[in-house]
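Here are some notes to go with the model. They are set out as numbered points, each on one part of the fold.

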Amino acid sequence: MDIANVINRIQNYHKGGFDPLTSKDKVLYGDSTKECTGIVTSTWASVDVIKEAYEKGANLIISHEALFWNRGDYTDWLEASENKTFLEKKKLLDDTGIVVWRNHDFVHSGIPLENGTYVDGIFYGLFQELGWEKFHFTNGPVLATIEIPETSVAALAQTIMAKCHFAGARIYGDTTTLVKKIVIPYHVLGAARAEISYIEQENSDLVLAMEIVDFTLSEYIRDTNMLTKSKTMLTFGHFNLEEPGMKYMITYLPKAIGTDQIPCHFIQSGDMYHYLIG
Ligand SMILES: [Fe+2]
Ligand SMILES: [Fe+2]
């Protein structure tokens, strides 16, 4: 089966429903008319992931994030400036013959459940990895809310690190703070008024965040924790938190493609960070 056909079948498996013209989900690199020899899923097609995919004999990487470091994966600016890292990564892709397809909007649009409904494939995969079965997706200022048996935020961080193979965690507020009710916001990149209001209203204990800035939600969480020893925030980074969803993808790819004859592997692109504790 050629790669274009594989991609087409995976697209059809998802809920979709968004405008393909504005979608980020495109073949980001390579010739998709080739026969597919194997598939690798990863949050990000980093240099190391490309090398490992090649070693596994796969020629299609399904990546959740951009290949060349910008939304839309525009490369004109990199070509014009002859960016050395761009040129080297491009050469690696040419030498290995790897095709990179971005699956972002499709997997977030939904994967089918047995009851006929669709659920965000990235966060469903995360919850599967963590054994959080009673999750509840919402459409408000946060992506999801969930209640777990009460534990300290530090103990929860250790559990998630072990299950998801993360190198470290960042905790906002006292590490012994007890948590039970968790909210997962969307990206918190700027103003967080809606999230702060929601957290107050829902009386949630823990924000499990992707990337986070210092000057909004982080300040609110720290002030609240200093005043009441309640509310805390835990972050592992954006790519880390989405990675289990890409791991989960290999469980349904054979069904989506309609054959189990194409080998599917997950490669963890891994932590953005190396942690030094002072
Ligand atoms: Fe993302
Ligand atoms: Fe995502």
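1. Strand β12 (residues 232-235) is covered on both faces. T232 and L234 lie on one side, M233 and T235 on the other, and all are buried. A residue is called buried if 20 or more other C-beta atoms lie within 10 Å of its own, exposed if 12 or fewer, and partly exposed in between, with C-beta atoms placed from the backbone. Helices (H or I, at least four residues) and strands (E, at least two) are DSSP runs, numbered from the N terminus.

2. A word on the source. This is a predicted model, in which local features need pLDDT of at least 70 and side-chain atom pairs count only at pLDDT 80 or more, while totals for chains, interfaces and linings use all residues. Residues are numbered from 1 along each chain as its sequence is written, and chains are lettered from A and ligands numbered from 1 in the order in which they are written.

3. β12 belongs to an open sheet of six strands in the order β7-β8-β10-β11-β12-β9, with mixed pairing. β7 (136-137) and β9 (170-172) stand at the edges with a single partner strand each, so one side of each has no neighbour in the sheet. Two strands count as paired if DSSP finds at least two bridges between them.

4. β11, α9 and β12 form a right-handed β-α-β unit. Right-handed here means that, with the strands pointing away from the viewer, the path from the first strand over the helix to the second runs clockwise.

5. N225 sits in helix α9 (residues 214-228). Is N225 buried, exposed or partly exposed? N225 has 19 other C-beta atoms within 10 Å, so it is partly exposed. Leaving out residues up to four places away in sequence, N225 touches G173, D174, T177, S230, K231 and T232; contact requires C-beta atoms, placed from the backbone, within 7 Å. D174 is 51 residues away from N225 along the chain, yet their C-alpha atoms are separated by 6.9 Å.

6. Strand β2 (residues 39-42) is also covered on both faces: I39 and T41 on one side and V40 and S42 on the other are all buried. β2 runs parallel to strand β3 (residues 60-63), joined by four bridges, and S42 has S63 as its bridge partner in β3. From β2 to β3 the chain crosses through helix α2 (residues 47-55), and this β-α-β crossover is right-handed. β2 is also parallel to strand β13 (residues 264-266), over three bridges; T41 is partnered there by F266.

7. Helix α6 (residues 121-130) has seven of its 10 residues buried, so it is largely enclosed by the rest of the structure. The buried residues are G121, I122, F123, Y124, G125, L126 and F127. They pack against α5 (105-109), β5 (111-112), β6 (118-119), β8 (142-152) and α10 (238-257). Just after α6, G131 takes a positive phi of about 70 degrees.

8. The domain assignment, automatic or from a database, gives domain 1 (3-109 + 241-266) and domain 2 (123-238). Their C-alpha centres lie 29 Å apart. Seven residues of domain 1 and 11 residues of domain 2 take part in the contact. On the domain 1 side, four are nonpolar, one polar and two charged. In this count Ala, Val, Leu, Ile, Met, Phe, Trp, Tyr, Cys and Pro are nonpolar, Asp, Glu, Lys and Arg charged, and the others, Gly among them, polar.

9. The largest nonpolar core has 69 residues, and L60, I61, V100 and V207 have the most contacts inside it. Not counting residues up to four places away in sequence, V100 touches L28, Y29, G30, A45, I61, S63 and L67.

How values were computed: Two residues are in contact if their C-beta atoms, placed from the backbone, lie within 7 Å. A nonpolar core is a set of buried Ala, Val, Leu, Ile, Met, Phe, Trp, Tyr and Cys residues joined through C-beta atoms within 7 Å.
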